[in-house]
Amino acid sequence: MSFLKIDNVTKRYGAVEVLHRVDIDVQQGEFLVLVGPSGCGKSTLLNMIAGLEEISSGTIAIKDKPMNGVHPSQRNIAMVFQSYALYPNMTVGKNITFGLEMHGVPKAERDAKLGKVADMLQITPLLDRKPGQLSGGQRQRVAMGRALVRDPDVFLFDEPLSNLDAKLRVDMRTEIKKLHQRLGTTIVYVTHDQIEAMTLSTRIAVMNGGYIQQLGTPREIYDTPNNIFVAAFMGSPSMNLLDAVIRLDGDDAAVEIADGDGAPVTLPLPIPAARLQGRDGTKVVLGIRPEAITDPDGADKSANTVVALKNVIDVTEPAGSDTFVTTTMAGKDVIGRMRADAHVHAGDNADLAINMDKAVIFDPKTEDRIV
Amino acid sequence: MASAPAQADLRTRLQNFIPKLVLAPSVAVIFLFVYGFIIFTLYLSFTDSRILPSYNLVGFENYSKLFRLSHWTTSITNLAIFASLYIGISTLIGLALATFLDQKIRGEGLLRPIYLYPMALSFIVTGTAWKWLLDPGIGLEHTMHLWGWESFQFGWIKNSDYAIYTVVLAAVWQSSGFVMAMFLAGLRGIDNEILKAAQMDGASNFQMYRRIILPQLRPAFLSAFVILSHLAVKSYDLVIALTGGGPGRATELPATFMYSYTFTRNQMGIGASSAVIMLMTIAAIMVPYLYAELREKK
Amino acid sequence: MTLIKQLKLSAAVLALTATTAAAADVEVLHWWTSGGEAAALNVLKGDLESQNIGWMDMPVAGGGGEAAMTVLRARVTSGNAPTAVQMLGFDIQDWAKEGALANLNDVASEGGWDAVVPAALQRFSKYEDQWVAAPVNVHSVNWVWANKKLFDDNNISVPTTWEEFEAAMQTLQDAGVTPIAQGGQPWQEATLFDSVVMATGGPEFYQKALIDLDPEALGSDTMKQAFDRLGVIRENVDDNFSGRDWNLATAMVINGEAGMQIMGDWAKGEFVAAGQVPDEDFLCFRFPGTQDQVMFNADQFAMFDQGGTVSEEQAALASAIMSPSFQAAFNVVKGSVPARTDVPDTDFDACGKKGMADLAQAAEADMLFGSLAQGHGAPASIKNAYYDVVTAFFNGSFDSETATEELVTAIEIAQ
Amino acid sequence: MSVATQDTALRTGRVSRAFIYLFLLLMALFYLLPFGIMVINSLKPLSEITGGNMMSLPQVWTLDAWRSTWSTAQIGVEPTGMRPYFWNSIKMVVPAVAISTVLGALNGYVLTKWRFRGDTILFGLMLFSCFIPFQIVLIPMARVLGLTGLAGSTTGLILVHVVYGIGFSTLYFRNYYAVFPTELVRAAMMDGAGFFRIFWRILMPSSGPITVVCIIWQFTNIWNDFLFGASFADFDSQPITVALNNLVNSSTGVKEYNVHFAGAIYAALPTLLVYIVAGRYFVRGLMSGSVKG
């Protein structure tokens with residue numbers, strides 16, 4: 001039994017359908033992140049859960065109770081907005097308790113809850129200030145306080161960190177995660193930042209063009225993307241996608257790509273040829289994450305299929321912990337991740353190790369994953 | 001929208017209904033008192049109404065009469081002159097004042113209300129004051145003569161060919177301060193960093209205004225245009241108080257024309273037809289503008 | 001409201017005398033707002049108050065009643081017509097045609113109005129044989145007001161023909177005085193032209209052209225000649241006339257800046273107010289060539305129908321207006337002459353006496369003509385079309401030939 | 001959003017600064033001149049005006065004209081001065097401004113925060129209504145007022161002014177609320193605030209500047225109206241502009257210029273006051289919405 005059930009939900013504006021038959025079941029205590037580029041429909045979906053937009057067809061139910069047509073304030077949900085949406089004319093304390101006041105909670109109880117939430121978020125000294133006098137991070141806390149004080153069934157977050165600077169964003173991310181772990185609440189969180197999605201979620205729904213492209217745990221999404229879109233969207237730097245041709249030889253399966261000089265290179269696949277039956281010689285798209293292309297010493301020792309080859313390094317980007325290198329394969333830039341002390345330089349014809357365990361193969365026409 | 005209204009709870013349905021309910025009275029009165037009356041006027045323009053509305057249709061007779069009246073042609077020409085000069089000059093002066101006032105001027109707090117106050121006066125007061133000042137017999141010319149500048153001459157208000165410009169003068173006096181306020185608000189809203197960037201790029205003051213600042217004032221220009229053009233079209237009191245439409249009929253505008261045919265000449269049909277022509281002109285100018293503006297915002 | 005009024009009326013009928021009636025109010029729409037006019041109206045107000053009838057004042061000044069007529073239109077349309085309204089000439093007829101005016105025949109026959117009001121005036125006060133308005137006064141517009149000292153100093157005698165008039169203007173011109181004080185509003189220019197047309201073409205022509213609106217007469221050479229003469233007068237007006245109020249023009253004659261003003265008899269009030277005495281300080285004479293005619297306009301009070309009957313207050317107001325005492329009191333102040341011809345002229349000054357005599361004589365000889373410029377020649381649309389052409393000519397937009405042609409077209413469109 | 005002054009100033013040389021000051025001062029003179037002359041001449045006895053130079057200061061300073069205009073000048077038959085008409089105007093303007101402003105604010109709120117299909121068209125229609133020439137509405141309006149029994153009453157006048165004021169007040173508030181964060185409204189909605197509660201508690205407290213602009217605009221227009229006041233008022237509800245007209249446009253008698261000017265100034269006083277008191281917020285208000293289009 002699911003806690004929040006999104007069943008066959010569609011959204012139309014006039015004749016234009018912007019969300020197509022979305023199904024998601026969220027269990028109690030889950031942290032679901034909706035991620036996707038802007039315009040993918042993730043905010044629309046969130047707003048429909050909140051009751052801020054009408055549902056064109058389908059059902060959204062919380063605790064088995066259909067929410068279609070139920071007023072936002074009656075759904076026992078709370079939302080943190082991108083701009084925090086703090087009421088500029090009210091003090092922090094007022095902002096937090098406004099919802100309780102609207103629901104007719106007596107003053108004493110309001111104050112008690114306010115005190116508790118303020119303690120938890122460490123904003124007690126700010127309670128008498130107006131939002132205009134707060135820093136970005138403080139506003140963010142107040143916004144969360146406003147959501148927390150309601151003690152809702154479901155928390156909704158609409159890109160809550162996108163207005164913060166990089167450092168603060170990381171801090172707040174951690175804080176949200178802690179909060180989730182401590183309170184065990186159910187959260188639906190919208191973001192366009194895949195790192196946030198990966199770090200925070202228990203499950204991710206990757207959306208594009210009004211469709212759910214993939215719904216799964218961060219690991220599943222990362223390692224076995226359903227299609228090229230998910231593969232390219234999740235991960236940074238993003239997955240290398242190369243044109244390749246399947247070569248089957250008895251039980252062995254391999255793909256052939258062109259190296260930096262245009263010479264064919266065969267990369268064995270760690271799967272039986274039977275899984276690619278009938279595809280011998282067909283064109284495919286080979287996806288390899290940057291961390292699967294390393295210097296030989298940095299290769300994953302537990303991996304079964306590691307291919308060594310030499311290729312010319314075009315650019316190196318030392319990032320401190322690692323060094324990213326760009327090389328050319330199959331006519332495209334390919335990014336690899338080497339150890340910081342791998343000592344490669346631009347122009348070197350360096351040794352590379354490719355961990356084919358992590359490789360995925362897509363059908364170029366349907367863009368869906370084959371292996 | 002095709003949702004599931006059957007499932008909506010009472011509160012939500014009420015909440016969906018209230019906004020429309022709140023808007024309804026305004027929409028209703030606008031439809032009745034503006035568009036209803038416009039249709040009524042359109043109807044009257046095809047009747048032989050004289051002192052009171054009559055419902056006897058006569059086809060396009062009023063329109064054909066209207067365009068035979070040299071008097072109507074005069075008032076249309078006058079409106080063209082008046083509106084273009086009034087809008088143009090008010091905008092220029094307003095822009096100049098706002099620009100200069102924005103140069104960290106000492107005493108800005110005192111100057112601003114001085115520029116702004118004429119807008120507070122009714123056109124009747126404005127007209128009376130300027131009529132006096134412009135009258136060669138008692139006003140500026142007379143004073144200059146008393147002060148010994150015998151050759152000073154400023155008799156525009158008595159001259160059929162120039163009187164319309166005195167109407168422009170008084171109208172500009174009244175509204176340019178308001179335009180100033182709009183531009184000042186626009187200027188104050190411009191991001192400083194852009195200006196700094198432009199200065200770094202080596203733009204001269206003049207170039208900076210022409211290339212960077214003016215284009216950003218576009219919304220202010222448009223607001224000023226709407227307000228000024230609506231004032232220009234409706235200008236009635238000012239003409240009546242300043243020149244009474246004279247000398248002769250030299251400063252007659254469509255608004256005064258419409259009024260005099262409808263009310264003092266008891267030719268309501270012709271008055272209505274002139275109103276229809278005027279409304280059509282306004283619509284021809286405003287509808288594309290409103291369309292562009294409102295569509296953009298969507 | 002109506003019911004109450006009817007009840008009151010029947011009460012009044014039962015009591016057989018108006019004075020015992022219960023108090024009610026009259027709301028009077030008018031444009032007599034200056035000190036002298038208001039003082040004159042106060043006579044009427046006092047009269048009514050002595051009969052326990054309250055006076056609710058609704059003044060709307062401006063444009064010789066134009067503003068008031070607009071207000072009236074709105075008030076009538078809204079079904080909230082004032083009790084009584086000051087009105088001129090054809091406006092009365094137009095409103096009567098709309099069926100808005102109350103029938104005053106009972107009051108009129110009681111007061112014997114038919115016998116004492118000149119027939120030319122009755123043409124406006126009655127609609128289809130019903131009295132619908134009570135005339136207050138008769139103004140005449142073919143007057144010349146002159147500064148006596150300037151006439152004496154320059155040896156000018158009262159001109160009786162156009163030629164003498166032209167000569168008088170020339171003499172004044174030579175003496176360095178503005179010969180004609182003229183106000184620059186269309187109605188003033190047209191009022192002047194009324195007299196010029198009468199003098200140029202004679203009464204028959206005036207009747208034909210400006211009252212019967214015969215296109216042939218309107219476009220005739222006589223009309224062109226009248227415009228020519230108007231042009232001559234224009235040359236004797238200072239350049240600063242445009243927009244000037246008529247009483248400022250009168251002031252020019254009073255203080256000797258200008259020699260003459262051609263204006264209705266209301267101008268006399270300004271002389272009197274300035275402490276001047278007719279025949280001693282100023283002269284009043286008929287526009288040369290119109291000595292036998294009186295071109296008039298008359299202020300009247302029309303009573304608005306209040307539910308199909310004349311209310312008792314309206315009756316009281318109407319008879320108060322027509323009472324000889326009020327007619328005398330009011331007209332002495334206003335400068336006009338009483339609308340009834342049987343009012344003794346004892347209280348009037350020389351000009352007033354002359355005016356009364358002229359009126360009686362003209363009424364007798366059928367030489368009483370409505371002034372077109374004052375709305376007593378033709379309806380408002382024609383009057384204004386006439387203004388358009390005359391003022392355009394006077395301000396130099398037309399020559400006399402174009403003006404004559406334009407007059408024909410303008411009046412045709414206005415009909 | 002705090003405006004007062006901001007550094008859009010450019011570096012300018014001394015000569016150009018001198019020129020700027022000269023221009024600004026000359027323009028100030030141009031704006032002050034007509035009204036200044038009215039004030040000066042309203043303080044002179046009549047003889048000094050008709051006989052002398054209108055630009056010279058009074059030799060004898062007197063408040064007679066002011067006194068008589070206020071309480072004894074002849075307006076119609078009664079020598080009541082402008083006092084009663086002044087109160088008539090107040091009685092009409094205050095409710096009319098209040099109602100049209102509140103309606104405008106509500107309309108703006110609905111049109112931006114509770115959007116529905118066709119709202120833009122409705123707004124366009126409302127906006128276009130600002131351009132209707134008032135002369136054409138007189139007759140049909142009179143009819144409507146008559147049918148509703150409001151003819152000749154202050155209530156009727158208030159109705160008329162509200163109707164023709166809605167267009168502009170809606171325009172002001174709509175443009176202001178268009179840039180007001182919709183998320184605030186949504187947050188309040190989730191907090192359980194209803195339509196009106198959101199309006200009063202969330203939007204209204206932030207609407208100060210635009211309310212000032214709207215009030216100034218409406219107050220000026222309604223106070224200064226003559227046409228409606230003359231046409232739809234009764235003898236006991238005529239506004240001050242009609243009284244001023246009666247005072248100034250009397251057809252006969254000596255033109256008492258000093259009284260006329262004093263009357264004109266009385267008629268302009270409340271609007272001037274509003275501009276001076278609220279003027280500082282005016283530019284601020286314009287900035288925060290209406291000129292942003």
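Trainee: How many Å apart are the closest C-alpha atoms of chain A and chain C?
Mentor: They lie 46 Å apart, and no contact joins the two chains. Keep in mind that this is a predicted model.
Trainee: Which pair of chains shares the most contacts, then?
Mentor: Chains B and D, out of five pairs of chains in contact. On that interface, 76 residues of chain D are in contact with 81 residues of chain B.
Trainee: Which helix of chain D gives the most to the side that touches chain B?
Mentor: Helix 13 of chain D, with 13 residues. Other helices of chain D that each supply at least two residues to that side include helix 1 (14-42), helix 4 (83-113) and helix 7 (154-178).
Trainee: And what is that side made of, by class?
Mentor: The side of chain D that touches chain B has 55 nonpolar, 19 polar and two charged residues.
Trainee: Different topic. Why is helix 13 of chain C largely enclosed by the rest of the structure?
Mentor: Because eight of its nine residues, in the run 246-254, are buried. Among them are C:Trp246, C:Asn247 and C:Ile254.
Trainee: What do those buried residues pack against?
Mentor: Parts of chain C: strand 8 (143-147), strand 9 (178-180), strand 10 (258-262), helix 10 (186-211) and helix 14 (267-273).
Trainee: Which residue takes a positive phi just after helix 13 of chain C?
Mentor: C:Gly256, with a phi of about 80°.

Terms used: Residues are numbered from 1 along each chain as its sequence is written. Chains are lettered from A and ligands numbered from 1 in the order in which they are written. This is a predicted model: local features need pLDDT of at least 70, side-chain atom pairs count only at pLDDT 80 or more; totals for chains, interfaces and linings use all residues. A residue is buried if 20 or more other C-beta atoms lie within 10 Å of its own, exposed if 12 or fewer, and partly exposed in between; C-beta atoms are placed from the backbone. Helices (H or I, at least four residues) and strands (E, at least two) are DSSP runs, numbered from the N terminus. Two residues are in contact if their C-beta atoms, placed from the backbone, lie within 7 Å. Ala, Val, Leu, Ile, Met, Phe, Trp, Tyr, Cys and Pro count as nonpolar, Asp, Glu, Lys and Arg as charged, and the others, Gly among them, as polar.
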